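Here are my notes on the fold, in numbered points. Please have the model open beside you as you read.

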Amino acid sequence: MAEPMELQLLCWGGDWDLPSVHTDSLVVLAYAKFAGAKLAVKPVDWTWRTITASVPQLYYEGSTVTEPTQILNFLRKQSFNADYELTAKQGADTMAYIALLEEKLLPALLHTFWVDAENYANLTRPWFTSHSPFPLNFFVPGRQASLALSRILLTKAESPLLNITEVEGKIYSEAKECLNLLSHRLGNFRFFFGDTPTSLDAFVFGHIAPLIKAPLPSGQLQKHLNQLDNLCQFCNTILKNYFTDATTEKRMDCSPTATHDPVDANLQKLTQLVNKESNLIEKMDDNLRSSPQHRPHRHEVKPSAMASERSST
Amino acid sequence: MSLAAEAFVSQIAAAEPWPENATLYQPLKEDQILLSDSASSLAVQTFLRMCGLPVQVSCRANAEYMSPSGKVPFIHVGNQVVSELGPIVQFTKAKGHALSDGLDDVQRAEMKAYMELVNNMLLTAELYIQWCDDYTATEISRPRYSSPYSWPLNHVLAYQKQWEIRRKMNAIGWSGKNLEQVYEDVSQCCQALSQRLGTQPYFFNKQPTELDALVFGHLFTILTTQLTSDELAEKVKSYTNLLSFCHRIEQTYFKEHDREGQFGSSHHSKSSLP
């Protein structure tokens, strides 16, 4: 039987080292960990709720709350308050930075995951399709994608820019600026307001964690974020300290060691450059191999190269 | 504008000084302009006054259609046309006038964050109240918006605009809110601004910045515009430091110029701050 104080959260499931791949769900999960609230997490994967429920959704003794801000308010009222020690000015700053995230970063995130053709076809749609029950797997990703596209166009595209490609440049440059601003604000601190995490940390984590961890085929924003070491470290700190069941052994090249050693940072940048170089060399190699003069004799090529080989032979 | 076009415009802008005949275009003040447009226009005018740049205000019925981005106000400077506060701030910066140069990186991040807060909460709330609240839309917004046009164009344009704004509200998730929640959001936003301002004269202590211009534009317009109910103005009035902030900016930047020119405050009914 459920305990009387049980809070149940409906959210999308986890992957790529994260407890959830959905930004809003991550925000709520992170805040609950910071505030010490025990949530019974019910992933909506493989249920009909993927299309009927607006995720995330919190159930408590009969009442239902949706939307991250509302859920956080509700948790605060139940005395799970991670913002207890903030001054009034810091509380105001929290609201302002959350507005900044929503206006500047969210459109680019939506675009990266849902509108960019390569990412959508290779990562987002397969993931959501595989996590939805039949026959919803035909509808769920498409619906989310069209919602994302309409949101971007309605809020960011002004009348001469009705085409999504023209808006792209604008939203990505705004998103990069937003990430830079966040990085400046975070500086060398562990969290945004000192040593304990607050709701702002939850929001920032929820937005940037999928961007850091998802294996995106084409991610210019991800590359930009990987260069901002303090944000990467912030994300990994939260994952390590609060979501210990998420494995962090699989380190991507953005997750540095715990020290802020400049030598390590330089080594890391060098490693990134070398990785980029080797990626370029690999691509050139694959292009050469896929050209008609060369017979394909390597079986462990990437799937895209394989497809182009099939079409060329 | 695309990024390349923006960079090009900045380069051209940097070449010439600010001319005397710069003009700011907005919809007709007495009959047509609505709360949100009036707030944006006032914010731009305040910003330009803070920079000490002269600009003439010209009211046109088709200002929205003349604007390059579809939003008002826009300024016509030399042979360039720039609309909305963000691009106008960049444009004046290219010409060498900037208010926020003295801020360090963290403060600039805060300023941008607070400007987004005002745009996200106050402006969206103003649009919601004007167009999604049926009573206000029928009594005030639609008649005013379409006043320069004759039948049937006035109906078509008014409903088209209303539909467009409602779609936008739907996309960002505000259509599920009722009026009470919107007033509550406005109150929270004002509380955040009030806490940030504290007892300082401006948001970043001694010098006014574009954030001050933006906040003044919105708050002053809310306080001096009569809508179907006074609740919005009441929410703002409950924060005394914001009220005195508005008084101070009005005194400093508008009253002294008023002796020769016409700033005249606003628009629907009352004439200056109570």
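1. Let's start with the sheet in chain B: four strands form an open, mixed sheet in the order β2-β1-β3-β4. Strands here are DSSP runs of E of at least two residues, helices are runs of H or I of at least four, and both are numbered from the N terminus. Two strands count as paired if DSSP finds at least two bridges between them. This is a predicted model, where local features need pLDDT of at least 70, side-chain atom pairs count only at pLDDT 80 or more, and totals for chains, interfaces and linings use all residues. Residues are numbered from 1 along each chain as its sequence is written, chains are lettered from A and ligands numbered from 1 in the order written, and side-chain values use heavy atoms, without hydrogens and water.

2. Which strands lie at the edges? β2 and β4 (80-83) of chain B do, each pairing on one side only.

3. β1(B) (residues 23-26) runs parallel to β2(B) (residues 56-59), with four bridges between them. Among these, T23(B) is partnered by Q56(B), and L24(B) by V57(B).

4. α2(B) packs on the sheet and touches β1, β2 and β3 (74-77) of chain B (contact: heavy atoms within 4.5 Å). The direction of α2(B) makes about 165 degrees with that of β1(B) (axes are lines fitted to C-alpha atoms, for helices over the stretch in contact; angles run from 0 to 180 degrees between N-to-C directions).

5. Helix α4 (residues 85-94) of chain B also packs on the sheet, touching β3 and β4 of chain B.
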